[in-house]
Amino acid sequence: MEALEKLNLLGQGAQLEIASTAINKPKPSGRSVALPGSAALCSAKDSGPNRATRLLRVLQTNRCDRGCAYCPLRAQNDTVRRATFQPDELAKLYLQFDSRHMVDGLFLSSGSDGSPDAAMEQMVKTAAILREKYRYGGYIHLKVLPGAALSLVEEAARLSDRLSINLEAPSADHLDLISDEKSSFQDIIMRMEWIARLREERGWLRAGQSTQLVVGAGRETDREILQTSQWLYKDMGLNRVYYGAFSPAAGTPLEGQAPAAPGRQQRLYQSDWLLTAYGFTFEELPFTAAGGLPHGLDPKVAYALLRPERFPVEINQAEYEDLLRVPGIGPISARRIVSLRRQFPFKTLEALKQVGAALTRARDFVTIDGRYFGLPSDLLFKAGKQALAAPAPSGRIATQLTLPLEWSAETILPPRLTTNIADLAFD
């Protein structure tokens with residue numbers, strides 16, 4: 001099989017990794033050209049300052065000896081066309097794209113071909129060839145395979161900017177439902193601890209460590225997922241947790257199972273952002289009685305709707321932390337408000353809009369110079385209760401929703417349009 005043919009095949013297989021936002025256009029540059037074929041490109045905004053905005057995302061091999069119930073690359077699926085890159089072959093191919101300014105970094109994963117150690121060794125060899133033979137100094141993200149030996153994890157950490165290992169499920173019981181060949185603690189969490197220790201002791205992995213959870217495959221709740229994410233951030237020192245929406249694949253035991261509910265992945269990312277960037281506590285997240293997030297509403301809006309005793313806040317007096325809890329106000333606009341109001345107190349909605357606040361959501365939860373521009377508090381509280389009681393949708397969900405009440409167009413401003421998961425109502 002020719003190298004580009006392998007790249008197409010193994011690039012498609014790597015799309016099962018959700019640890020970045022997919023992109024399909026080259027970085028704006030006079031020297032940049034599009035990557036040929038269907039090999040996967042992904043963005044990695046958190047991989048370092050001005051680094052690795054476009055990663056070549058590829059598998060070393062899609063051969064696998066494991067039988068994860070949700071994965072189309074599982075060993076028992078005979079319909080998959082298999083391929084393998086040799087380390088030197090993949091390293092040379094990557095450098096061709098790098099030299100033409102097609103990519104900014106490499107995100108390399110692999111199936112467990114033969115054993116976790118055997119497959120991990122091939123990935124480490126690829127990275128070593130790039131670093132030591134060709135003196136490549138750019139970004140490398142390697143995926144650690146569950147069960148890989150400490151010596152291989154250590155070598156991978158030495159060669160990489162970031163390591164990740166997929167936790168897949170929020171608990172051992174949930175993991176057993178989708179991948180009973182792996183031990184959540186022995187094969188995965190212990191390796192997360194190794195990676196954290198190597199980073200602390202050796203100063204390696206400037207871009208840190210990340211993981212991914214499969215959403216909707218193992219009967220887990222949003223509460224269980226985010227509780228695990230909070231633990232990973234606080235106790236394990238992870239830089240990022242990604243959420244991959246389960247979609248049933250032919251040739252797997254779960255091919256007849258329903259996919260993750262529309263919008264569920266989006267709500268998890270929004271809630272994750274509240275925990276990591278907005279200072280929310282886990283107890284502040286608006287879970288339903290069944291442990292889910294409201295699918296019809298941004299979780300930050302749901303939080304505010306259910307706390308009439310806390311809102312509205314006065315723009316000219318509220319603390320920075322209180323401003324961050326106002327829907328439509330993010331860290332940048334909150335800092336601008338605090339800075340500007342000392343000399344120029346806010347008096348109008350237009351002035352609030354000028355600092356970057358989204359009035360569609362903010363105006364129901366603030367006063368400006370003592371004036372309130374929103375809806376009655378009892379209607380807002382009712383909207384929050386309705387959102388928590390509403391069932392998960394069965395069809396496609398909009399990327400940005402207004403409050404779930406029948407209000408006239410004069411009452412609610414048009415919703416802001418969003419285009420990708422990185423922009424989905426994170427303020």
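Me: How many salt bridges does a search of the whole structure find?
Reply: This is a predicted model, and the search over the whole of it returns 18 salt bridges.

Me: Where does a salt bridge sit within one helix, and which residues form it?
Reply: The general idea is that an α-helix has 3.6 residues a turn, so residues three or four places apart point the same way. Here, Glu121 forms a salt bridge with Lys125, with 3.9 Å between the closest N and O atoms. The two are 4 residues apart in helix H3, which means a separation of about one helical turn.

Me: Are Glu121 and Lys125 buried, exposed or partly exposed?
Reply: Glu121 counts as partly exposed because its relative accessibility is 37%. Lys125, at 40%, also counts as partly exposed.

Me: Which salt bridges does Arg264 make?
Reply: Arg264 meets Glu220 at 3.5 Å, N to O. Glu220 lies in the loop between strand S7 (209–215) and helix H7 (222–234), while Arg264 belongs to helix H8 (residues 264–277), so this pair ties together parts that are 44 residues apart in sequence. Both Glu220 and Arg264 are buried. Arg264 also meets Asp222, at 2.6 Å, N to O. Asp222 is in helix H7, so this second pair ties together parts that are 42 residues apart in sequence. Asp222 is buried, as is Arg264.

Me: Which residues form one aromatic cluster?
Reply: Phe280, Tyr303, Phe311 and Phe365 do.

Me: How do I read the sheet that contains S9 and S10?
Reply: Strands of a sheet pair through backbone hydrogen bonds, either parallel or antiparallel. Here the sheet is open, with 3 strands in the order S9-S10-S11 and mixed pairing. Strand S9 (313–314) and strand S11 (371–372) are at the edges, each with a single partner strand, so one side of each has no neighbour in the sheet. Strand S10 (residues 366–368) pairs with S11 in the antiparallel sense over 2 bridges. Thr367 stands opposite Tyr372 in S11.

Me: What does the largest nonpolar core contain?
Reply: In soluble globular proteins, nonpolar side chains tend to be buried together. The largest nonpolar core here has 112 residues, and Met120, Tyr243, Ile315, Ile329 and Leu352 have the most contacts inside it. Helix H3 (residues 116–133) gives the most to this core, with 8 residues. Beyond four places away in sequence, Ile315 touches residues including Leu323, Ile337, Phe346 and Val366.

Me: Which residues of helix H11 are buried, and what covers them?
Reply: In helix H11 (residues 331–340) the buried residues are Ser333, Ala334, Ile337 and Val338. They cover an arc of only 135 degrees around the axis, which puts them on the same side of H11. Their cover includes helix H10 (320–324) and helix H12 (349–354).

How values were computed: Residues are numbered from 1 along each chain as its sequence is written. This is a predicted model: local features need pLDDT of at least 70, side-chain atom pairs count only at pLDDT 80 or more; totals for chains, interfaces and linings use all residues. Side-chain values use heavy atoms; hydrogens and water are left out. Two strands pair if DSSP finds at least two bridges between them. A nonpolar core is a set of buried Ala, Val, Leu, Ile, Met, Phe, Trp, Tyr and Cys residues joined through side-chain atoms within 4.5 Å. Buried means under 20% relative accessible area, exposed over 50%, partly exposed in between (1.4 Å probe, protein chains only). Contact means heavy atoms within 4.5 Å. The arc is that of the directions from the helix axis to the C-beta atoms. A salt bridge is a side-chain nitrogen of Lys or Arg within 4 Å of a carboxyl oxygen of Asp or Glu. Rings of Phe, Tyr and Trp (its six-membered ring) pair if their centres lie within 6.5 Å; planes under 30 degrees apart count as stacked, over 60 as edge-to-face and the rest as tilted.
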